[in-house]
Amino acid sequence: MSRVVFLGTSLTAGLGLDPDVAYPALLQRKADSAGYAVRIVNAGLSGETSAGALRRAGWVLDQPASLVVLEVGANDGLRGVDPDSTYANIVALVKVVRAQRPEAGVALVQMEAPTNLGGSYTTRFHQAYVRAAKETGVPLLPFLLEGVAGDARLNQADGIHPNPEGSKRVADTVWRGLSPLLAQLTGG
């Protein structure tokens with residue numbers, strides 16, 4: 001059975017949710033229903049920055065992985081980290097995965113910065129992911145919180161983390177990009 005590791009933030013960890021309704025668990029159910037022989041591993045950590053993910057990647061990758069999905073940088077955007085730094089960390093993360101798990105595929109999830117940091121920052125932040133995906137040749141999955149960010153009906157009281165209904169939408173968004181990768185991975 002192929003292992004698909006989601007290395008991410010509290011959004012992946014499912015902060016404030018029962019683990020069974022965090023989006024990686026919902027993706028596991030989608031994969032099972034589609035007949036993909038994969039085990040989705042939730043390696044999300046609350047508060048994780050792209051730099052933190054880079055530091056932690058080595059031990060996360062001690063276990064086998066057929067595909068590593070990087071959901072990193074959300075906290076960089078919330079903290080106003082220089083997008084060039086986020087970009088460099090993403091590129092370095094892809095290199096770590098390829099060095100430690102050369103058999104594994106890698107995918108990157110698009111993240112966005114909050115608009116209160118200004119148009120220039122949000123554009124540069126968005127482009128950091130596009131540039132990193134292009135430079136490393138990894139697929140860029142849609143924005144994780146597409147259709148969820150900013151919608152009070154789909155978020156917990158903090159306005160940042162999806163509620164169970166929002167988590168379903170996140171899973172649907174990720175599935176659009178993940179399903180073809182799982183089909184390639186499993187020959188399905």
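## Nonpolar core

The largest nonpolar core holds 58 residues, and F6, L27, V69, M111, L144, L178 and L182 touch the most other members. Such a core is a set of buried Ala, Val, Leu, Ile, Met, Phe, Trp, Tyr and Cys residues joined through side-chain atoms within 4.5 Å. Buried means under 20% relative accessible area with a 1.4 Å probe, protein chains only. Helix α7 (residues 164–186) gives the largest share of this core, 8 residues.

F6 touches Y23, L27, V69, V174 and L178, among others, leaving out residues up to four places away in sequence. Contact here means heavy atoms within 4.5 Å.

## Basis of the model

This is a predicted model: local features need pLDDT of at least 70, side-chain atom pairs count only at pLDDT 80 or more, and totals for chains, interfaces and linings use all residues. Residues are numbered from 1 along each chain as its sequence is written, and side-chain values use heavy atoms, with hydrogens and water left out.

## Fold and dimensions

The protein has 7 helices and 5 strands. These are DSSP runs: H or I of at least four residues for helices, E of at least two for strands. From the N terminus the order is β-α-α-β-α-β-α-α-β-α-β-α. The radius of gyration is 15 Å, close to the 16 Å of the globule rule for 188 residues, so the protein is as compact as a globular protein of that length. The radius is taken over C-alpha atoms; the rule is 2.2 Å times the number of residues to the power 0.38.

## Burial

Of the 188 residues, 53% are buried.

Methods: Buried means under 20% relative accessible area, exposed over 50%, partly exposed in between (1.4 Å probe, protein chains only).
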